[in-house]
Each structure stands twice: as C-alpha cells, then as structure tokens.
Amino acid sequence: MQVLFFALGARRMRAVVDESAQVVADGGQAVVLIDHAKLWRNVSFDPAVRVVELSGIEADRLPMRIGHGLLYDVPRGLFRAAGRGPLRQRARRAAAAYEVRLADRVHRRVLAPSYRLVWGEVSQSLVQRHVLDGASFDLVVVTDSPSMPYAARLLERYGPGGWNPQVAFGLDYAAPSAPDAAPSAPDEDPSAGSADAGRRG
Amino acid sequence: MRVSATRDVAIITPWYPTRQVPFGGAFVRAMVEATASVRDRATVFHCDGWGAPVSRRGDRAIVRAHRDLLARGARKTSTVTGAGLVYVPVPVHSGLSYAEAARRHSAAVGVVLGGRPIDAPVVHGHVGLRGGWTALENARPDARVFVTEHATFLPAVLRQPDSRAMYEEVIRRSAGFFAVGEAVRSVLVEAFPQHADRIGFMPNPVDFGVPRERPVTALRRWLYVGSLNQRKGVALLLEAFARCRAEDPALTLTFVGDGPLRAALAARAAALGIADAVTFAGFVLPTAALELMHRHDLLVHPSRLETFGMTVVEAIAAGMPVLVTRCGGPEETLAGIEDAAGGLIAVDEDPDTIVAGYRRLRDRFPQQVDLRHAREVLADRYGYPSVARAHRRVWFPDPVGAGPAPVAPEAALNSME
C-alpha cells in the first residue's frame, strides 16, 4: 500500500511518525508531506519513510525567493554589518533569536500560506511533480487541520475520474486495503450500530 | 417515553485513545468495554478537536475543506468488544468558546451522518460540552440522551456566558445527567441549583481483571502515571522523591506519561543528582501501564485536582498501594478504605507533605495496609459488572413503571453494590 500523509500543520507528530513507520513495516511505501523540517527536528522518522518538505520544494519559486530574501537574507546582512568587532557574538545571538522567534514564524504563518493562497496551483503542481508523479497512492491520510485545505484542493484537482485514493484521518480509521477489504466497509453507514457481539474482547 | 426493544447505544466523546494520545479517554474505552454485556450494539463517535494556530481566513478555508474531506473520509471502523468506532476530526483554534467548539463538533457529526440522526434509541455523551450537546443535536427525536460529566475544566466552561447557557440546555434536555464524582457535581449544582435533583452520579469503570502475581513487600519503586503538567504536581513529586532518596538510595521513580514539564523534570533530576534513579517512560499503552504497575511498589499521585482519579483506582486494582492527594476525586473513590489503600495527603505546595506522607505509609506498611480489602471494596464500586449494571438501569430500564428517572446521588451510590 502506498500512503501519502499530509502533515503540514505538524500538530500530531507522534501519530504521523508511528503510522508512517507502520506502513513501511507492513511492506508499503509512506510519503509524509511536511511544511517546515525545523518543526520536526525532535522526532525521527523510520529511515524507509520519505519525508518531503513543501517549503523546500517551493523555495525556488520567485515569490518565495523574494520573501525569503526579505525575511532572512537582508536581516542576516544587517546583523553581519552591525556585528563587527566586540559585538560579533552578540549580533550572532540576536540574529539566531530573530530567526527563531520572528522570521520562522512569519514564514510559517504568513509567507507560506499566502503563497499557497495566491499561487496554490503552482504549489500543487510542484507536489504533483515531486510527490505524485510516478506514484500511485492508495490512501491519503490527513493528519491535522492546516493540511485540510491543501489536501482538499489537491484531490479536487484530479476530479472523480482521475486519481481517486481513499481518504482517512488516521491509519487506524482507514478501510482495510483492497485484498482484505470487507465489501461495503468504505461506505458503511456510520449511523447504524455495528455488529457488536456484546462480549468483552 | 419509549423504551426500545433493541439495546443499541451510540456514545459521543471528545476523548478516546489514539496514537497521538494513547491515554486520552481511556475511561470512555473502559466504559465501552464494561457495558458490553448490557447492550447489543454500540457505536462510538470520537470527535477529536484538532487545534492549530490559524488566522480567521485560514480557519474559514479549513472549515470548508473539512466538510469536503469529512464526507469522503469518515467511516466506521471497530474498537474494543466489537463496537463500531467513527473517528471525527473537528478543527478548532484558540479563541473559540466551548459552546462554539460544541457547535463544530455537532456539525461535524451531522456531516458524517449525511444529515440523518443517529440511529440508536440511546445516545450517551461524555462531558456536557462538547459530547452532550453533540449527542442531543444528532440523536433521533425519540432517543434518550444521557450525559456524563468528567471535565476538570468545568469552571472555565461555566465562566463563558454562551457556554453556560448551552450547558444549562444540555442538562435540561437530557434524559439523565451524571457527574463522575462529587467534585464535578458540586460545581454543577452550584451553577444550576434548579437542576440539583437531576444530576446524579455515574462512576468510571475500572478493570479489576488482572491481579498482581507477587504482593508488594517494600515501597521502593515509586510510580507516577499521568500527564507531566503543573496540575498534576509532578515537580513537587520529584523534589519529595529526592528528599526520600537521600534517606534510602534504593528508591527509584518512574514517570509514565508526557507533557510540557518533561524536559524541566529531567533537568531538575540531573541538578538534584538523582537522574540515575528517575526514569521517563513516556506515553505507554494502557496494557503496558498495567505491566509497569505490576513492576512497581507505590503509586504516588500528587495531583492538584482530579474529578475521579482513574489511575488511583487502577493502581489498587493492580495490587499496589497509593499515596495520593485529597484533590477532589480520590478522597471520594477511597472513602472508607483510605488506610487500607495506602495514604491520603493534603494538597499544598510543600514537597515535605509528600515526604511525610511517604514516611507514615512506609512505617505502617505492610501490616496496617490491607490492599486485598481495598481492592474488593473498589471492585464492588467501580468494577465492570457494577458500572455495567448502573448503565443498564438508566439505558434500558425494566418496562414496568414510568421510565428512567435520573439517578439521584444516593440512589446511584446504593445501586453500585
């Protein structure tokens, strides 16, 4: 089974790491689409899981290069210029603090979402080229709310006649993969009671 | 009021164990397990709030996309005892009131159901806002809706005018409303005195099925199970442990769980020179937590506030004594068996309170601690059969009589025998 995890919000890391590891342990392929690798620096993915950083593949686009220059390159130059001689260490610390406390946040919360809002089609073409091309994902797992608009637009882009994977909000909440699937499992009416045996398992 | 011939139940809960939070809502899963013998079918709707810091515009985009994805991605899987499980993510963000969040939960379940009501004669919601409201809004017209309140954050809910008004409506519209203990019930009765006689008790069930093979002989291996946050008093526990270990270097402490204080606790343990005696096990599955209880000697639970204190009862069920604060739930759950179960201590900000409590317990252990008796009493109060009977009485009352009257506090306690 090939599974694409949308984890742009980095809000449920434990589940994403655990579930992607299970996919590869079960012999499948897992690709995790994240936004900023920095947010995931304290977690370790299974080596067989492919992690794709969306902001990384968007970085070459002109609007993002301009934004990056204004947010990072220009301030770095200013800190370098101001931090000569005895102020060098202090300027380095200030630059690092600026990037962590301000630039990274503005990039995550303003620049990247704005770019995707205005140039969403371009962004999704990049995902198509870097992630979907040649792959055949059976299952898309949406793991946090910031991923929802992106995942919904990407799925919509293909339409019902195109790529039409199963969508789930966690590996445990997906229908079994095709060979083991119960005939009506994916479309079962959730308002009906289950065939609960009424026994403790 | 109609009493259905079928014993189908839908359970609406904002908490249920997931890979992200394996401990979350373990008490709801226990309720599903415990009540298996008194119902035919059950479906759990786990409405999981997915929070994220988003702008207003971002939130609107998420809400739109959520609706599309939910219609496509929500399905029924299964959980313990063969009950159905429908996982329903609900996007939320800071700034939403509890009432607004409850409306989102309710709407999400509505999308999953395709606009149809929940097809069960009994719907049981956990916590008034959000589970109770979601249950009431999605139940079919003839269904009876019950609600159990557990939340430690209840005062915060009632401070919000819109949430308070919605909460009152939940109590008024439900067929039965229960608090998990007096710590919760007293807050509700104070807020809604007009409903005092409608608010009964419904305890959490605890599995007493797996006894400890060898009894505890000395209180050396301390265990804490729960979140590592301020409310749980874990920083005080670490300080107290360091002082006790200075007297007895054989002592060890294991923290099971995770939370915002983990790094600070690890750093403090190193600073105190006790890092080699303190283990951080992180989140573990409930089965692993039970195994850890079997390998430790004493549960220390210094929480500032608990509405019930599941961990305390679980520890005694696992055969270990407890040293626990009088923080609301525990003094109620351990009423009458305080000394048999271990020891209770005051809630204060002094680690020496825990130290003194430990010394007292150590000095009278094991002669003056009767864990077997404590276990029997608690099994009678909170074991699966007792709690199952309590649910059956309200869900599927005998057809004789007028129907399910809400369980008054005394009646509920009496019914637990």
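I call a residue buried if 20 or more other C-beta atoms lie within 10 Å of its own, exposed if 12 or fewer, and partly exposed in between, with C-beta atoms placed from the backbone.

**Ground rules.** I am working with a predicted model, in which local features need pLDDT of at least 70, side-chain atom pairs count only at pLDDT 80 or more, and totals for chains, interfaces and linings use all residues. Residues are numbered from 1 along each chain as its sequence is written, while chains are lettered from A and ligands numbered from 1 in the order in which they are written.

**Entry: Thr81(B).** I looked up phi here and found a positive value of about 60 degrees, although Thr81(B) is not a glycine. Thr81(B) sits in the loop between β3 (76–78) and β4 (84–92) of chain B; helices (H or I, at least four residues) and strands (E, at least two) are DSSP runs, numbered from the N terminus. I count Thr81(B) as buried because 21 other C-beta atoms lie within 10 Å.

**Entry: Val127(B).** Here too I noted a positive phi in a residue other than glycine, near 60 degrees. Val127(B) belongs to helix α4 (residues 127–138) of chain B. With 28 other C-beta atoms within 10 Å, Val127(B) is buried.

**Entry: Pro366(B).** I found a cis peptide bond between Phe365(B) and Pro366(B), with omega about 5 degrees. Pro366(B) is in the loop between α14 (351–364) and α15 (371–382) of chain B.

**Entry: the interface.** I see 37 residues of chain A in contact with 45 residues of chain B, contact meaning that the C-beta atoms of two residues, placed from the backbone, lie within 7 Å. On the chain A side, α1 (13–25), α6 (147–158) and β5 (166–168) are the elements that give two or more residues.
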